[in-house]
Every structure is written in structure tokens, then in C-alpha cells.
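Please open the model in a viewer and keep the sequence at hand.

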Amino acid sequence: MDTIQRKIDMEHMDKEAIEEAARILIQGGLVAFPTETVYGLGANALDANASSKIYEAKGRPSDNPLIVHIAELNALDKIAEAIPKKALLLANEFWPGPLTMIFHKKNIVPLGTTGGLNTVAVRMPSHKLALALIKASGGYIAAPSANTSGRPSPTKASHVAEDMEGRIDMILDGGMVGIGIESTIVDMTSEPPMILRPGYINQEMLESVIGEVAVDKTILAEEELKDRPKAPGMRYKHYAPKGELTILEGEEESVIREITRLTKEKIEQNYKVGIIATDETIDRYEAGQVKSIGNRSDEETISHNLYNVLREFDELKVDFIYSESFSDGKLGVAIMNRLLKAAGHKIIHIEGGKK
């Protein structure tokens, strides 16, 4: 299969390219497109055969549910039932935006889209190209991240092409995304509602709208989910670079000292080493391939750069990656969730306390 690529000027969007992509989706094909979080790999959410192509292209386990993307709030009624008042309050506050909510599904949504579950995950992205494509293609696009299953999620079209060239019909290139990590997922079928995947919209923000919100215990835990996953990213190792990633957590000086020691040790063994640092610490490392993931005083830069940095290390063909820890702030839980998944929960706790 030849994968069509279309570069989209976000100031003057190419309607013909969007209509071409919509036709592909309507006919059961696959189109990658940007959202404000990461690039998604889209198919007609109401077509079980189309959804099955996503699993095939990604090499994704068939029990890992897909998220249905909509462009208008009234589209929710067609695919979800027993929509609680709290969900509407959250939708009014955070949609369009990086929030996914799980509902009981209606029969129109095939089990092939939901990973065999009787629930459906739904979100309304804020990216204007995503919204235009959803509207043009019929209103319901199932779209996980547009990467090979288990690899770092794509934050620009070149990442998608690296993984999906020849596997999908089309890539809409809308430039680099903004947030850089996947949406927050909240299960609205439980009471209180429960965060199943952390993201840009955190627990405090949710609770300011609807009161108590629980957090799934596996988000930062090493234990694996034993039941069928209710949301993407709950069971399987995700976001992983090709090099072996280890996170070091503790007081800043101790972390820098230990990363430096480990790096020297691996280099002496003729391995290639990558280091994930920040703007504040990048100059403290004298060996290895050192990359800043962003600025701790502006943590959104960290989420924005996370997957891009992991993919850059793949390009450099590093054998080992050592990363500082990022557990504080509004996005700390979300960033650490992604890093821990990428590292297979390989973390070294250094005496001296957390930073």
C-alpha cells in the first residue's frame, strides 16, 4: 500500500485534502491525523471491519479498546447511554479538549471498536483539523495513537510515517502537536468517577467541577492489570524506546551523580548511552547523549517533548537511557505514568528523598 501524505497549512486548511481523507474513512480505510495530544490513527468507529484494520496496522492487542472521537456534544447520545449529569458537567467544562470519558455503549458501536467491552471511550478533540475531519467523515472516528503498538506515541507526522508508512492509506500532516501526551481517561460508569489514565486534565481540575474523583491504583504501580483493560494503556508496556530505559528518583544531586556513574560504566563497556535531563541540569552531564526534555518551571514543555526525545534516542541507536524523575506539579502523575510504562517500571530510588 502506498501511503498518501498531505501537508496541511493550519491557517488555511486544504478542504480538498480533508474531503479526500474523509472519503477514505467512509470507505473503511485508515487516516492518521493530529490532535492536540498526539497523532491519532483513525477509522470509522461504527464499522467493525475498519476498526479491525487499526489493530492490524498497529499490531495492537484486540482487547485494548479504542477511543471514539466526536466533534459535537449531541453526537454522544447516538453511541452512549445512561449518560450521567457529572459527565455533562465535565463535557461543558473540558470539551473540546484532552479529556476522554467512558460510558455504557449503545449497540451501534461494534465490540470490535471497544475491545469486546460493553463500554465506549469518547472524547472531543480541540484540534481544528481533527474536528474538521470528524465532521466530514460522518462524526465518529475511532483513533488510538498512530504508532506501532508499544512504541512512543507520535507527536509529528514524521513519527507516524516512520511506523505506519505502507500500512495505512493517508497521513494528514498538521505539524507538531501541542500537549504531547494522551488524554486523561475518566470512567463515568463508576461512582465516584475514576481516572484510568492521567493526562493534562488532572484530578484537582476534575474535582473542581464534579467533586470526588477516584484514581485507579495501577496508574503508577508496578503491578499489571489482570482484568480486561477498560481503557487504552492500562495493561501493556507502552511508549517504549528501543534502548533500555531506567528512571532515577531522589534528591537532584544524588540523581545526577548516579546517572553520571551509570553512564560512565556503560560507556566503558562500549555501550551507547542517552540521558534525559532538563534545562536546569543538562550542563551537569559530561558524557553520553544528553537531551533536555524541558524546563521544570514550565512542565508543559516536558509533556510536549517527552515522546519526541524518546524517538530521538531511537534515531541515535542508544543502548541504555537514564532519566531524571518528574513526579511533581500539575502534570507530574501523567508524565511519570508514561515514563514508567516506557521503562517497564524500571526505577531506581536513591536515598535522600524525592526532589
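Select Ile276 first: opposite this residue stands Lys291 of strand E15. The model is predicted, so local features need pLDDT of at least 70 and side-chain atom pairs count only at pLDDT 80 or more, while totals for chains, interfaces and linings use all residues. Residues are numbered from 1 along each chain as its sequence is written, and side-chain values use heavy atoms, with hydrogens and water left out.

Next, display strand E14 (residues 273-277), which runs parallel to E15 and is joined to it by 4 bridges. Strands (E, at least two residues) and helices (H or I, at least four) are DSSP runs numbered from the N terminus; two strands pair if DSSP finds at least two bridges between them.

Angles run from 0 to 180 degrees between N-to-C directions, and axes are lines fitted to C-alpha atoms, for helices over the stretch in contact.

Finally, select helix H4 (residues 85-94) and helix H8 (residues 203-210), whose axes lie 9 Å apart at an angle of about 120°. On the H4 side, Lys86, Leu89, Leu90, Glu93 and Phe94 make the contact; on the H8 side, Met205, Leu206, Val209 and Ile210 do.

Note on methods:
Contact means heavy atoms within 4.5 Å.
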